[in-house]
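Biologist: I would like to go through this model one contact at a time, with the cut-offs stated as we reach them.

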Amino acid sequence: MISEESGDLMKLFGTMKINEKGHLEIGKCDSVDLARDYGTPLYVMDEELIRERCNLFKTSFRDDDIETDVIYASKAFLTLAMCKLIKEEGLSLDVVSGGELYTALKAGFPAHRIYMHGNNKTIEELSMAIKSEVGRIIIDNRYEVDLIENICKSIKKKIKVLLRVNPGIEAHTHEYIKTTNNNSKFGESIFSDDTFNIINRLNSSEYMDFKGFHSHIGSQIFQEESFYEHINVMMDFANNVSERCGVVIRELNLGGGFGTYYSKGDIPVDLNNLLCNMLNRVKEKAKEFGISYPKVMIEPGRAIVANAGTTLYRVGSVKRTYGGRNYIFVDGSMNDNLRTSLYGAQYEAAIANRMNEEADDIYTITGRCCESGDIIVRNIALPNPKNEDIIAVSSTGAYNYSMSSNYNRLPRPPVVFVKNGKSRCVVKRETYEDIIRNDVCF
Ligand code: LLP
């Protein structure tokens, strides 16, 4: 008997469909063929869906009276090909480390459309960002102010900056991905007097063009109200700063966090509505205070790529434990999807080569790591999985490849983009040679 909580059939997104062979198809490519051609585990990205999501954000977050910018949060998924796609779609790019910045620059992403984040940027990272003339540096704390000023002075460059602030909003999401409670490590609190000193300092700097604020309330947020409350608090703060420091806040970057469907019970907000309402709320608040409209930015990551990704695995053994649990052993692991073990995330899955068959029991999909917590999907109803079946786990486009590791020296899977019946490899499968490439032998 299959329990209620085991969920329904795997939800299909974008170009996913079941073809005449009963196989899962993505971007008009048969997933069983993809598994055969590229091997497993394999990350498959639906290019059309990524572009569609970019477009949805671009067109919905637009207003005749307000300047806006949609910045893709590259930590969700970044490769050279992804940078190129984001550039073509006309979004800006949020990077959070030298590695992400390097990838963007190597891909020829226009530096002026790059926003450089990070709560503890190194001198090297800041120098790289300033020398390459990124669009904005988002300052996290007082210490960074001096660092940036010194670097700019020494190379005689002026840089545009935003200050990341913490507005103390309660976003109802997982503890690990909340970012604005009063003990969060990110940004400077809007309640602290010292934050006003930092603003004055930035405003009088010769080397920093202080544009305004950034804040991000957390990730995977489903409550629309959290986004509006965030705007209220930030606009109140902007007004307060204008009055206290005599500074005009020209830009407001509201971060990302738009919740995405992974499994039953996840109800994403209607983005079209939300984005339009967010801009209206900014306008209302600006009118209330008699201040000019700031340029408003958002930084979606997950909401652009999560549903576009599917991971394909091949089944090895299927084991029923003495205690009665059914395990499906696949050739991937928590290394290619850390979210289940780290956040207790729930995914949906299906047998890609037998999409039309009915489930016979509840299974736990586990990987190859020497770790009991190496779970990819818990309690999922599947039709009698057996050796050589291809398991598809959906909505793995965000924070899967980007959080992958080599634990147990397992090579990372490749990434392919699929579109209109064509697939192209955008990240090659790691080899054993890659695994030892930085080892030094005495
Ligand atoms: N902007 C900033 C400053 C952020 O810190 C983040 C995410 C985003 C934008 C994008 O948020 P999104 O739209 O993707 O929710 N590894 C976790 C998520 C960590 C999010 C970190 N910051 C997970 O897999 O759920």
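Biologist: How far does a polar side-chain atom of K75 lie from an oxygen atom of the ligand?

Modeller: This is a predicted model, in which local features need pLDDT of at least 70 and side-chain atom pairs count only at pLDDT 80 or more, while totals for chains, interfaces and linings use all residues. Residues are numbered from 1 along each chain as its sequence is written, and side-chain values use heavy atoms, with hydrogens and water left out. A polar contact is a pair of N or O atoms within 3.5 Å (within protein, one must be able to donate a hydrogen and the other to accept it, and residues adjacent in sequence count only if both atoms are side-chain atoms). For the polar side-chain atom of K75 and an oxygen atom of the ligand, the distance is 3.3 Å.

Biologist: How much of the accessible area that the ligand has on its own does the protein cover?

Modeller: S219 brings a polar side-chain atom to 2.3 Å from a ligand oxygen, and R339 brings one to 2.6 Å. On its own the ligand has 580 Å² of accessible area (Shrake-Rupley method, 1.4 Å probe; for residues, only the protein chains shown count as cover). Of this area, the protein covers 91%.

Biologist: How many of the residues in the shell around the ligand are charged?

Modeller: The ligand is surrounded by 20 residues, the closest being S219, E299, R339, Y343 and Y399 (a residue is near if one of its heavy atoms lies within 4 Å). Ala, Val, Leu, Ile, Met, Phe, Trp, Tyr, Cys and Pro count as nonpolar, Asp, Glu, Lys and Arg as charged, and the others, Gly among them, as polar. The shell then holds 6 nonpolar and 8 polar residues, and its charged residues number 6.

Biologist: Why is the pair of F77 and Y401 edge-to-face?

Modeller: Rings of Phe, Tyr and Trp (its six-membered ring) pair if their centres lie within 6.5 Å, with planes under 30 degrees apart counted as stacked, over 60 as edge-to-face and the rest as tilted; by this rule there are 11 aromatic pairs. The centres of F77 and Y401 are 5.9 Å apart, and the pair is edge-to-face because the planes stand at 65°.

Biologist: How many residues apart in sequence are the parts that the pair of F77 and Y401 ties together?

Modeller: F77 and Y401 are both buried (under 20% relative accessible area; exposed is over 50%, partly exposed in between, with a 1.4 Å probe and protein chains only). F77 lies in the loop between strand 5 (68-73) and helix 3 (80-89), where helices (H or I, at least four residues) and strands (E, at least two) are DSSP runs numbered from the N terminus. Y401 lies in the loop between strand 19 (390-394) and strand 20 (415-419), so the separation of the parts in sequence, in residues, is 324.

Biologist: Which residue caps the N-terminal end of helix 3?

Modeller: Helix 3 has A81, M82, C83, L85 and I86 as its buried residues, and G90, with a positive phi near 80°, follows the helix. At the N-terminal end, a side-chain oxygen lies 3.2 Å from the backbone nitrogen of A81, and the capping residue that supplies this oxygen is T79.

Biologist: How far apart in space are D65 and K283, C-alpha to C-alpha?

Modeller: D65 lies in the loop between helix 2 (47-60) and strand 5, and its relative accessible area of 49% makes it partly exposed. Although D65 and K283 are 218 residues apart in sequence, their C-alpha to C-alpha distance is 8.7 Å.
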